[in-house]
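Hi,

Here is the structure I promised to pass on. Have a look at it first, and then read my notes below.

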Amino acid sequence: MCNPTEHGYDRLAKHYHFFEKLMFGENLTKARVALLDSIPACCSALVLGDGDGRLLEALLSSQPECQITSIDQSERMLDIQQARLSNHPLRNNITWRQQDARELQEFEQPFDLLVSAFFLDCFHLQDLETHLPQWLRTLRPGGHFYFVDFQEPKAGWKRLRAKLYLTAMHQFFRWQTNLPNRNLVDMNRLLNQCGTEILMSQNMNHDLICARLYRTLPKEENQCSKSD
Ligand SMILES: C[S@@+](CC[C@H](N)C(=O)[O-])C[C@H]1O[C@@H](n2cnc3c(N)ncnc32)[C@H](O)[C@@H]1O
C-alpha cells in the first residue's frame with residue numbers, strides 16, 4: 001500500500017528540528033525523555049517513527065544492554081538517525097529498518113519495550129484501531145510501552161490553547177507530508193482497551209503533551225490478544 005506521508009517526511013527531515021524549535025522551543029525535547037529513567041532495564045526495544053533519532057540516542061545511553069530495532073518509513077529520517085549515532089559507542093546495538101510500521105512482519109522474539117514519540121498522532125482512528133494492538137503485540141506479556149505525544153486537555157483555556165496548536169500543526173503536517181490525520185485520537189480510551197496498565201504519567205506544557213509508561217497485562221486480562 002502506498003503511504004501518502006512517505007515522501008513528505010523525507011522532505012521535512014532536514015528541517016524537522018528547526019520547525020519543532022520554532023513552534024515548541026525545548027518542550028518536545030524535554031517531553032521525549034521525561035520518564036526515560038523510569039523504564040526498567042530492557043534487553044530489547046522496538047522504536048517506531050523516531051524521526052531524527054534524538055530519543056533513540058537518549059534511549060541508547062540509558063539502556064546500554066538493550067538491542068534496539070528502529071523503524072521509520074522515511075529514508076531521510078533514517079539517514080539522520082544513523083549520522084547522529086555514527087560515533088556513539090553503542091551504535092552496534094541498533095538495527096535500522098526502513099518500513100511502513102503498518103506492514104510489520106512477525107519478529108523472532110517479543111520485545112521488552114515499545115517506544116513511540118509523536119508518532120501515533122500521525123494516524124487516524126481506523127489505522128490505530130487496527131495497528132496499535134498489533135504494535136503492542138510485539139511486546140512480551142509484562143513488557144513496557146513508553147509513549148510520548150500530544151493530547152487534548154479536558155476543558156477550559158488549556159483545551160482552547162491546545163486546539164489552536166493542534167489545528168496549526170495538523171495543517172502544517174498536512175501541507176508538508178500529506179498527513180491524512182486531521183484530529184487527535186483519544187489514546188487513553190484505545191490504550192485502555194488494549195490491555196495495558198498505566199505505571200507513570202506526566203503532563204507538560206499546560207497539558208498539551210504527555211509522557212506515559214504502560215505495562216502490558218498478562219494474556220488472560222488482555223483483550224487485544226484475543227482479536228485482531
Ligand atoms: C511527527 S514525526 C515524529 C518524529 C520523532 N519521533 C519525534 O519525536 O519528533 C513522525 C515520524 O514517524 C514516521 N512515520 C510516519 N508514518 C509512518 C509509518 N506508517 N511507518 C513508519 N514510520 C512512519 C515519519 O517518517 C517521522 O519520522
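The ligand sits in the largest pocket. Keep in mind that this is a predicted model.

How much of the ligand does the protein bury?

Let's start with who is around. The shell of residues around the ligand has 21 members, and Tyr16, Arg32, Gly49, Asp72 and Ala117 come nearest.

- Tyrosine 16 has a side-chain N or O atom 2.7 Å from an oxygen atom of the ligand.
- Aspartate 72 also uses its side chain: a polar atom there is 2.6 Å from a ligand oxygen.
- Alanine 101 takes part through its backbone, where an N or O atom lies 2.8 Å from a nitrogen atom of the ligand.

Back to the burial: on its own the ligand would expose 590 Å², and the protein buries 98% of that.

Next, the cysteines. A disulfide is a covalent bond between the sulfur atoms of two cysteines. How many disulfides does the structure hold? The count is 0. Two cysteines are worth a click here. Cysteine 43 is in no disulfide, and the nearest cysteine sulfur, which belongs to cysteine 66, is 7.3 Å away. The cut-off for a disulfide is 2.5 Å between the sulfurs.

Cysteine 210 is in no disulfide either; for this residue the nearest cysteine sulfur is that of cysteine 122, 15 Å away.

Are these two buried or exposed? Cysteine 43 is exposed, with a relative accessible area of 54%, whereas cysteine 210 is buried, at 1%.

Cheers

How values were computed: Residues are numbered from 1 along each chain as its sequence is written. This is a predicted model: local features need pLDDT of at least 70, side-chain atom pairs count only at pLDDT 80 or more; totals for chains, interfaces and linings use all residues. Side-chain values use heavy atoms; hydrogens and water are left out. Buried means under 20% relative accessible area, exposed over 50%, partly exposed in between (1.4 Å probe, protein chains only). A residue is near a molecule or strand if one of its heavy atoms lies within 4 Å of it. A polar contact is a pair of N or O atoms within 3.5 Å; within protein, one must be able to donate a hydrogen and the other to accept it, and residues adjacent in sequence count only if both atoms are side-chain atoms. Accessible areas come from the Shrake-Rupley method with a 1.4 Å probe; for residues, only the protein chains shown count as cover. On a 1 Å grid over the protein atoms alone, a cavity is a set of points where a 1.4 Å probe fits but cannot get out, and a pocket is an open set with protein on both sides within 12 Å along at least five of seven lines; lining residues have an atom within 4 Å of a point. A molecule sits in a cavity or pocket if more than half of its atoms lie within 2 Å of its grid points.
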